[in-house]
Amino acid sequence: MATTEYKYFDRDLSWLSFNKRILMEAADKSLPVYDRIKFLAIYSSNLDEFFRVRVAAIRSIVEIDKKKINSKLDKSPKKILTKILREVHEQQEEFGRIKRDDIIPELRENNIIFYRDEPILETQIPFLKKYFRSRVLSYLQPIILTKGENAIFLENRKLYFIIDLKSAKGGQEIALLNIPSDSLSRYIELPKTDDKYYYIAIDDIIRENLPFLFPKYMIQGCYSVKINRDADLYIDDEYSGDLVDKIKKQIAKRNLGVPSRFLYDQFMPENILKFLAGKLGLKEDDLVPGGRYHNMYDLFSLPNPLKPDLESKALEALVKTELEESDSIFDAIDKKDVMLHFPYQSYDYVLRFFNEAALDPEVEEIKATFYRIAPESFICNALISAAHNGKKVIVFVEIKARFDEQNNLLWAERMQQAGITIIYSMPGLKVHAKVALVRKRKADESQYYGYYGTGNFNEKTAEIYADQAIFSTNRSMNEDLSHLFDYLENRGKMAPKFNSLLVSQFNLLESFELLIDQEIKNTESGGNGHIIIKLNNLQDTRMISKLYDASNAGVKIDMIVRSICCLIPEVPGQSENIRIHRIVDSYLEHSRAFYFYNNGEPKIFQGSADWMVRNLYRRIEVVFPVLESSHKEEVIKMLELQLEDNTKGVILNAKLKNKKLDKTADVRAQLAFYSYLNSREG
């Protein structure tokens, strides 16, 4: 049994160590410069969401529980927040150093001049003036804050300047000016000069033209600011009322949330910062010093004039021979279950699955679950066609998928208008499963075709997320899936039983515990217990404690955990047999896999479930068995390569640091797995 003496990493500090791992890629000079720019943008985007959701939540707890919290506790919310802000500050300093000392000089070496706080060529000034007056000026809304009692509200994630002005009489005025980076391109290409490409941020175009906006003042200083607001929707635990209507109302309020971070230029004078804090009702903990530029996730849009040079070449999606050689994807699945690995293999086969189901006259019914729908979804369009063709289509749409609520609602309404039966989120419960079921008439009986995946039905993210999926006619699995859809359709009135699938809320937790217990028993009986688990996030202390128990029993445990990891590895008497691997590469590692050695007859599962409290206790997740021997080989090979990766893989140590592996021969798991899959189709 697990003991209360076990210790765990804080989830938010562990997440920051993951974002630090992203920053390590931005600093890796072996990568093309635009790859590294992409990682800077990913880091910034991640951090922005972290403040909008996690830091906002911690700040709320600190405010609510001030009188109850024992400040001496090492893990009190106040102390955690202090550690978070300290770590973020250190990472932001590293971010600035990488951009300033590595990225911009390397761009310059390639004749790409990215202006950053430096003099602009005189020959380019006329272009900037023209662009400012013809394109930018109409979006600007300058406000003198020191005149009158004018109330101000800074919009969530928008960019602003605070401008220090000196009037003709010598008095100080402070102005607020919006930066319209959401309406215009953030980075503007200037006329090419001397075979060099020049780019400038819209921020600096505005800076250059401030005298035009404030002709009666001297410009004493100009400082960029941005505010992050609490962007979470606090409706997960509501059990009454119209959930769709509540979601719509909450989306409208998202940008009005309380501040979670006020990011400001660190060179802003103290008196101006104090003035702004009073004007905006900010507390000291809201104030976070930063650099000259904010919203660095806009670096995604920095043009590469030398493309495809200066960035990695994308891997060409591999074909799946057994599907290519069959006129019907259903005929191919009839012969043998099919496993796919995205984006190494083409996602077009998933589109084919739904397209053929929509047109096949023998298909009578299609059911699917959606968590994050692509903005222009081919799959949803196929389902709309299926409904128009007289087929029964039932779709579960999760409308509590953070930051995708509005897009999911739009598609749900569009599908509903086409005659598709839409099942919306259950109050207090999310559906995170990635599954579909097609019922096809075969003579006098029905044949079921199941789709079981680790990633969303989203053809856009399928290009950059590494996931697996199986098309299956396995009777037991598909019967289980049919029972799950019945449960969702009936709003949870009858609890189903599952024989093959592991489904959270029903048998998932207990099944995993039994599988771990079996490895413990096998080890204690003289066997070689071995567990390999691949997750995005590992937080739940019940499952972590179970792994600690297994480690103490001598079971060898290899974990591949991309992001949050609360398990502290390599601690004597707790986790000395557990090793944590973390991989960050071109594709986002998104699949979940579970391997249990089982005395040489491995049991392997994949699915949608991370080991987070939310996934295991508040969501519907589906984990499916990998049964075919060839499929098991592929999953095992993927796991082996990832455990050997010493190029993009690191070890997370007991001090929450990302440590590079020793190198004898270079192993880069994603490229090696692509080659492996290619050889199997050769």
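K20, K655, K657 and K659 form a patch of positive charge on the surface. Patches are built from residues with over 30% relative accessible area and no salt bridge, like charges being joined within 9 Å; a salt bridge is a side-chain nitrogen of Lys or Arg within 4 Å of a carboxyl oxygen of Asp or Glu. The model is predicted, local features needing pLDDT of at least 70 and side-chain atom pairs pLDDT 80 or more, while totals for chains, interfaces and linings use all residues. Residues are numbered from 1 along each chain, and side-chain values use heavy atoms, without hydrogens and water.

K657 is located in the loop between strand 27 (649-652) and strand 28 (658-660), where strands are DSSP runs of E with at least two residues and helices are runs of H or I with at least four. K657 is partly exposed, at 46% relative accessible area; buried means under 20%, exposed over 50%, and partly exposed in between, with a 1.4 Å probe and protein chains only. L656 lies in the loop between strand 27 and strand 28 and is buried, at 17%. Its phi is positive, near 65°.

N598, which is not a glycine, also has a positive phi, of about 55°. N598 is placed in the loop between strand 23 (592-596) and strand 24 (603-607) and is buried, with a relative accessible area of 19%.

Two cis peptide bonds are described next. K307 and P308 are joined by a cis bond with omega of about 10°, and P308 sits in the loop between strand 9 (287-290) and helix 9 (321-324). The bond from F342 to P343 is cis, with omega near -5°; P343 belongs to the loop between strand 10 (338-342) and helix 11 (348-359).

How values were computed: Patches are made of residues with over 30% relative accessible area and no salt bridge: like charges are joined within 9 Å, nonpolar side chains (Val, Leu, Ile, Met, Phe, Trp, Tyr) within 5 Å. Accessible areas come from the Shrake-Rupley method with a 1.4 Å probe; for residues, only the protein chains shown count as cover. Lys and Arg count as positive and Asp and Glu as negative; His and the chain ends are not counted. The place of a charge is taken as NZ of Lys, CZ of Arg, CG of Asp or CD of Glu.
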